[in-house]
Amino acid sequence: MGTACTTGAQDVAAKIFDTEEILPTYDAILVRDRTRRLVRHYGPGHERKQGQGPEPLFGNPENWVFREKRGNYIAITASSDAQPIVVQSRVEAEQMVRNEPDQYFGCQWFDDKYTDKSAKVFPRECKFFQNGYQPMKAATSLIAYYVQLPEEPFAQDADKVGSDGFTDPGGKLDSFQGHSCTTKMPGRLQGVADVPGLTVIGDVDPYDLKQGKIANLWLLAGFSSLAEFGPDAIRTLFRRTPNLRSLPAADFNTYTVTLYDLEVEPWEEKDIVVDEKLSWSEATCQLLGCRPTRTGELWPCILEKAIAAHCGGWDYVHGGNITHAWRLLTGCKEVYTIKKTQSNRFRAFGTFNPNAKRWERMANAPHNPRKLNEGGTSDNGSNLSGTQVETFQGLWPMEWPKVGGGGRLGKDITPGELFNKMCAWDDANYIITALCDKTEGEMKGKGVKKGFMYNVRQIIENCGGTGPDMIELRARRGIREIQFGGWEDGGKKWEENPAVYEACGSPEPHDDGIFWVDREDFFKNFSTIFLCAKRMDDWIEPEAH
């Protein structure tokens, strides 16, 4: 009997071929070896209390500018926890903003003809609607901006370096879903990252990634999982950018991002050069792609832009899978989707065709959003439109990775066996993420959102010598930490198990999305594990250290 291919979304039989042999098993007793294990990066939020957010920097006092916007009021969203401060007069409001612009976004008041002479001051913690202000004839606003860079790049430098062409009219990134985009340059008083401390890569925060209009959480999850290995992992992607640590500069900035070209065999590194212009949606008055971090790091925006250009446009990265993100970022073919079966066992899947004994064909884009012309079908099942190949969308049963004991193709394993393998993958510095796909009704009140991925940061067996096996995970900003099992921040089980509390590093609530669960709750609530079987200690370039 042959081996069947399934789609990524459901187990639907595809082509069946004859197999020539039963693949061997490599099961073995697992012994942990932490000698090469990299300590995972906590990020700057670990130094802050939960929900506190980063402390604003004041920067150079001479760089603050204050712009009065007549006919505009300051707009915040209905979901904003922070609220404006009401003061008695415009003079008092202006004084607060001018004295502490790092703390206050701006203030607003109404025309003199109104009897109400009070004014409102808006802390920067407020959640602002679109660009922060909206038209209203009777209102006037004063908004504080920080000028990190000249408002326009030096003309001679822009001419010398030139645009990357991606966001220019007719470029790959000039539109999304048929709607044209404009551009903004961060730090140049255009309403994007006009904050002190603007940099490309700082103390990288795996938690602080905020999605834009593009449905590419799969890609941001890939960024976050890579960032668990610290700033050097992100610098590795930018290693061919000259003078990276001094950017962005006053000159017109360009960045070289090194990705992998999946459309050649073997896969090759490919440098994508992008400039500082970011796609902007005039309809929503927001960046089309992801936001700079709250501390002013630009690497997520630049990396996302480079990948969108590499894949062919914004439409080509609108939807995808974290395993494809890992292919593009690390060049690793050994990426696994490990799925729970109805019998509560787990099976490994990937894109190695066991019948043809080769890897399936991949394109750089995770999918082709445009309708393909009628054409043939390649021998690996990928659609062809002229010379264009769409990324293989199915999954084949895979042998288990040799690291962790291996296992024959199609072998189902128990949660306990999978836990042991995960321990070995953690020690080998593989990237692991977990998907919770419980419905909101099933997880009501437990903080889990359907379909979100969590980074697996650390795995401890027989924690504290008292028995429980513990798994440390991280959510991204906007995704709540899981609240069950008594191991939540401040939960009763920490107090009941002081040895476990100490072995887990004495966890306390921090602004970093990190939380712990025990093995039983992990496998009960996470049905899919994603694995990138690439040693990150080997992948990180020495120059990045």
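1. Let's start with the aromatic cluster: Phe346, Tyr454, Phe515, Phe522, Phe523 and Phe526 are joined by ring pairs. Please keep in mind as you browse that this is a predicted model. Across the structure there are 13 aromatic pairs.

2. One of these pairs is formed by Phe105 and Phe128, which counts as tilted because the ring planes stand at 35°, with the centres 4.2 Å apart. This pair bridges distant parts of the chain, with Phe105 in strand E4 and Phe128 in strand E6 (residues 128-146), 23 residues apart.

3. Back in the cluster, have a look at Phe522 and Phe523. Their ring centres are 5.0 Å apart and the planes meet at 90°, so this pair is edge-to-face. Both residues are buried.

4. Strand E4 (residues 104-110) also carries Gln108. With a relative accessibility of 8%, Gln108 falls under the 20% cut-off and therefore counts as buried. What does the side chain of Gln108 find there? One of its polar atoms lies 2.7 Å from the backbone nitrogen of Ile74. Beyond its neighbours within four places in sequence, Gln108 is in contact with Tyr73, Ile74, Ala119, Lys120, Phe122, Thr140 and Ser141.

5. Now for the cavities: there are four of 30 Å³ or more. The largest has a volume of about 70 Å³, and its lining consists of Leu278, Ser279, Leu287, Gly289, Cys290, Cys301, Glu304, Lys305 and Trp314. Which elements each supply at least two of the lining residues? They are strand E12 (278-281) and helix H5 (299-311), with H5 giving the largest share, three residues. By class, this lining has five nonpolar, two polar and two charged residues.

6. Around it you will find Arg40, Ser225, Glu228, Phe229, Asp426, Tyr430, Ile431, Ile432, Asn455 and Val456. Strand E21 (431-436) and strand E22 (452-460) each contribute at least two residues to this lining. How many of the lining residues are charged? Three are charged, alongside five nonpolar and two polar ones.

Notes
Residues are numbered from 1 along each chain as its sequence is written. This is a predicted model: local features need pLDDT of at least 70, side-chain atom pairs count only at pLDDT 80 or more; totals for chains, interfaces and linings use all residues. Side-chain values use heavy atoms; hydrogens and water are left out. On a 1 Å grid over the protein atoms alone, a cavity is a set of points where a 1.4 Å probe fits but cannot get out, and a pocket is an open set with protein on both sides within 12 Å along at least five of seven lines; lining residues have an atom within 4 Å of a point. Grid points are joined across faces, edges and corners, and a volume is the space filled by probe spheres set on the points. Helices (H or I, at least four residues) and strands (E, at least two) are DSSP runs, numbered from the N terminus. Ala, Val, Leu, Ile, Met, Phe, Trp, Tyr, Cys and Pro count as nonpolar, Asp, Glu, Lys and Arg as charged, and the others, Gly among them, as polar. Buried means under 20% relative accessible area, exposed over 50%, partly exposed in between (1.4 Å probe, protein chains only). A polar contact is a pair of N or O atoms within 3.5 Å; within protein, one must be able to donate a hydrogen and the other to accept it, and residues adjacent in sequence count only if both atoms are side-chain atoms. Contact means heavy atoms within 4.5 Å. Rings of Phe, Tyr and Trp (its six-membered ring) pair if their centres lie within 6.5 Å; planes under 30 degrees apart count as stacked, over 60 as edge-to-face and the rest as tilted.
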